[in-house]
Amino acid sequence: MSFAPDVSHFLSGMILLLSFAMLYQDRLPPLLNIFIAQSLVLALSITWQAYNQNEPQLLITAAIEFGVKAVLIPFVLYTLIRRLKIHRTVETVVGIGPSMIAGMALVGLSMALILREHAAIGGTAREDLAFALSVLLLGLLMMVTRRNAVSQVIGFMAIENSLVLAATGAKGMPFVVETCVAFSALVALIVIGVFLFRIRERFDSVDVSILDHFRGEQP
Amino acid sequence: MLLILLCLVALLAVSLLAAFTSAKAWANSAIYGASALLSAAVLAAALLALTSGRVALLVLPIGLPWLGLHLRLDALAAGFLAIVALGGTVSSVYALGYGRHEDAPGRVLPFVPAFLAAMSFVILADDAFAFLLAWEVMSLLSWALVVSHDRSPENLQAGLVYVVMAGVGTLCLMLAFALLAGPGGFAFEAMRSRSFGAGVTAAVLLLALAGAGSKAGLFPLHAWLPLAHPAAPSHVSALMSGIMTKVAVYAFIRIAFDILGPIDWRLGLVVIVVGAATAVLGVLYAILQNDLKRLLAYSTVENVGIIFLGLGLALAFRADGLAAAAALAFTGALFHVFNHALFKSLLFFGAGAIQTATGTRDLDRLGGLINGMPRTAGLFLIGAAAISALPPLNGFASEWLIFQAAFQSSHFSQWGLRLLAPTAAAMLALAAALAAACFVKAFGTAFLGRPRSDAAKQAHETDRASQIAMAALAAGCVLAGVLPSTILAVIAPITQRLTGTTMPIQDLGALLPVAGSHNSYSGLVIALCFLAATLTIALAIHLFAQRGLRRSAIWDCGYPEDNALSQYSSGSFAQPIRRVFASTVAQESVVMPPPGDLAPSRFKLVLWDPAWQTLYAPAAAAVLALADRVNGFQYLTIRRYLGIVFVTLVFLLTVLAVWR
């Protein structure tokens with residue numbers, strides 16, 4: 001039985017690694033590809049949890065994850081990128097090196113925080129929770145360090161991924177939580193998609209820093 | 001219980017109906033008629049519940065998912081519910097007539113029935129969540145009524161101060177309940193079964209005193225009350241002053257006497273001191289007012305002080321194991337709650353009638369109203385005599401009981417209480433005397449003398465519905481004064497439940513506060529003596545007065561000049577008391593015209609409230625300064641907001657990781 005946690009740790013580790021890959025990728029199409037990869041691995045991980053925990057309804061979660069995060073959302077975002085013609089370089093506010101170091105520090109923090117809780121959380125959930133927290137913090141870091149609205153959307157979706165990872169890792173989490181997370185991701189996509197086009201119409205750019213001029217803070 | 005609940009839901013439905021139909025001509029009669037009937041039904045049900053002595057519990061599956069909505073009708077709740085329903089009934093009847101003069105009924109009608117229902121729900125609530133929800137709804141609805149006449153900036157200002165103070169009060173109560181709530185959850189039943197340490201008990205009691213006191217008008221949190229209560233339409237003023245302050249008293253009793261366990265005597269001392277200070281300061285400010293409704297509002301502050309003085313005595317006696325004395329003080333306080341609800345509603349109704357008849361409530365523009373509105377004058381006089389604690393009316397009976405309780409202070413084992421309780425009794429005596437002066441001034445300036453304005457000269461008697469409501473309240477004042485034992489018998493189950501014993505009651509309505517002593521008071525005997533003396537004097541005058549015709553110069557009543565302004569005004573009546581007691585807060589000055597100018601010299605009086613300067617103004621300034629600092633956060637970019645969230649999250653996680 002020592003095989004099962006290893007597989008789930010491997011998949012969670014993959015998700016974390018792909019988060020790092022997203023952090024240093026500074027062009028939009030490859031960033032999106034990495035996001036697809038992360039969603040795929042997440043769907044795989046959920047499937048494995050379904051098999052491992054013997055809870056078939058997790059398969060539905062996996063299907064929703066796959067359908068929404070690995071197919072639908074990336075497809076919409078690709079269309080967006082193509083129609084907005086933004087294949088150019090993503091400007092990061094903080095350089096790649098510092099943000100990687102910050103990311104590693106965040107992972108260290110979440111590991112230190114959660115792995116020390118030995119007794120409270122049993123099974124593989126403890127490590128899964130640590131991974132999920134790391135992915136969440138990295139997604140947030142990405143949202144903070146990027147300027148382009150599309151990459152902020154992807155950061156947001158990565159946070160959603162981490163929530164699903166945490167939810168499926170814990171045993172007995174109600175099914176409704178996962179579906180709610182999935183649907184909230186969809187709604188967020190719709191809102192942000194409409195929002196992006198409105199910004200584009202008005203300001204000929206999706207760089208959110210341009211918005212600041214119109215709010216009267218910068219000269 | 002179900003009947004009461006049904007009636008309350010029906011009241012809410014009436015409110016909803018009123019929101020759509022308030023423009024119709026029949027809306028006023030229909031809405032107030034319905035709310036009078038429903039309130040009367042609640043009153044009957046509450047009295048039945050009080051006399052039957054049963055405790056009704058109900059848990060509804062609405063509200064917070066793991067909590068539900070706990071309702072409970074025990075003796076205490078039934079007693080206060082009866083007071084609320086009584087106030088609701090008479091004020092609805094009054095508003096049948098008074099409400100017709102309302103120029104914007106859409107701003108008043110929809111809120112009144114819902115306000116009544118919200119006050120009732122506060123009393124029925126048996127968990128902290130339901131209680132606070134109903135409390136806040138009650139505050140907001142009364143706020144809507146305060147600002148219903150929003151044309152005058154004063155009313156808006158009053159509303160703002162009121163809503164801020166209501167928020168502060170709710171916050172205090174919320175903190176108190178947070179301290180009380182334990183593993184058992186937020187239901188009061190779970191809180192009752194817990195025991196608390198001395199520190200928690202003290203904190204909860206002080207928070208409850210501040211939270212309930214800010215609604216009831218305890219010094220120094222009273223400053224909003226004289227602004228807000230008069231701003232509302234008169235029947236709502238009566239509800240706010242006569243009834244809503246009682247809901248606040250109920251909240252304090254529920255927490256201090258019912259939920260909390262044993263309480264240290266020092267805390268009782270705090271309540272006594274606050275109550276005595278409130279009583280004296282309230283009536284001092286009342287006597288200085290020229291606005292009739294504001295005078296009544298300050299007098300509410302005084303009476304709330306008297307009630308809290310009684311409650312504080314009861315707390316102290318209970319802490320000392322003197323159950324009989326505690327029951328006496330508690331009975332006196334509860335009786336005064338009931339009495340004040342009666343006569344303060346009556347007086348506000350009278351003020352409303354005056355306002356309708358003359359268009360003003362400035363005492364210096366009234367006068368001689370007894371000619372135009374004799375019935376209102378008579379009923380107002382009964383209310384004024386009752387609130388001034390004149391026997392045989394009800395105000396005397398309850399204040400006398402509180403006095404008797406204070407005289408039991410020699411049984412205290414603590415020297416602090418032995419010394420302080422008689423001082424508090426002296427303050428109470430001072431307050432009662434000043435209240436009498438205050439209402440002599442109010443009645444005398446408004447109803448006696450000669451009219452000071454044309455409007456006062458042409459005043460007409462108020463409508464039939466208002467008269468019926470006032471007459472009912474006046475009859476209640478007389479009955480409760482003459483036969484206090486009937487009321488005390490109804491109160492007895494509450495006292496039994498909360499202090500462990502009751503006050504002995506003699507036959508024929510005599511009050512005997514302490515068993516075995518000769519100290520007793522019978523309203524009935526006094527009333528009969530009063531009647532007999534009056535009849536004898538009338539007869540004597542009739543028999544022995546000279547019948548012979550005499551001719552002489554007409555006595556000019558001390559007013560040789562034919563100008564109505566040469567009479568005593570409300571300001572000049574209050575001057576001696578103002579100079580003696582209030583020279584620090586009232587500044588008189590006479591503005592003389594320059595030599596050669598024929599303009600009249602003018603007397604100017606500036607009055608201020610030290611609570612306002614020392615507490616409210618600095619607090620407001622601090623909030624504004626803080627708001628200026630924080631204002632920068634309004635204008636950040638989305639990424640900065642995200643950054644702040646991120647940094648905070650990382651910081652908290654780091655703290656957690658290091659601290660554990």
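Helices, meaning DSSP runs of H or I with at least four residues, and strands, meaning runs of E with at least two, are numbered here from the N terminus. With that settled, let me start in chain B, where B:Ala389 sits in the loop between H15 and H16.

Two sentences on the ground rules. This is a predicted model, in which local features need pLDDT of at least 70, side-chain atom pairs count only at pLDDT 80 or more, and totals for chains, interfaces and linings use all residues. Residues are numbered from 1 along each chain as its sequence is written, chains are lettered from A and ligands numbered from 1 in the order in which they are written, and side-chain values use heavy atoms, leaving out hydrogens and water.

B:Ala389 has a phi near 60°, a positive value in a residue other than glycine. Is B:Ala389 buried or exposed? Its relative accessibility is 13%, so B:Ala389 counts as buried; the cut-offs, with a 1.4 Å probe and protein chains only, are under 20% relative accessible area for buried, over 50% for exposed, and partly exposed in between.

The loop between helix H15 (374-387) and helix H16 (394-407) of chain B also holds B:Pro392. A cis peptide bond, with omega about 5°, joins B:Pro391 to B:Pro392. Another cis bond joins B:Phe219 to B:Pro220, with omega about 0°. B:Pro220 is placed in the loop between helix H8 (198-216) and helix H9 (225-231) of chain B.

Next, B:Asn339, which is in helix H13 (residues 323-358) of chain B. B:Asn339 counts as buried because its relative accessibility is 0%. Which side chain makes a polar contact with the side chain of B:Asn339? That of B:Ser398, at 3.0 Å. A polar contact is a pair of N or O atoms within 3.5 Å; within protein, one must be able to donate a hydrogen and the other to accept it, and residues adjacent in sequence count only if both atoms are side-chain atoms. Leaving aside residues up to four places away in sequence, B:Asn339 touches B:Asn394, B:Gly395, B:Ser398 and B:Ala480, where contact means heavy atoms within 4.5 Å.

Now chain A. It has eight helices and zero strands. Of its 219 residues, 53% are buried. Among contacts in chain A with a separation of 6 or more, 73% are between residues 24 or more positions apart.

On confidence, pLDDT is the predictor's score for each residue, from 0 to 100. Chain A averages 76, and 70% of the residues score at least 70. Within chain A, helix H8 (residues 208-214) has the lowest confidence, at a mean of 63, and helix H2 (residues 28-53) the highest, at 87.

Last, the two chains together. In all, 19 residues of chain A are in contact with 16 residues of chain B. The area buried between them, that is, the accessible area (1.4 Å probe) lost on being put together, summed over both, is about 1700 Å², with carbon and sulfur atoms giving 69%. On the chain A side, A:Leu109, A:Leu113 and A:Val144 lose the most area to chain B, together 29% of what that side buries. Helix H4 (96-115) and helix H5 (125-145) of chain A each supply at least two residues of the side that touches chain B. H5(A) gives the most to that side, with seven residues.

Technical notes: Buried area = accessible area lost by both parts, 1.4 Å probe.
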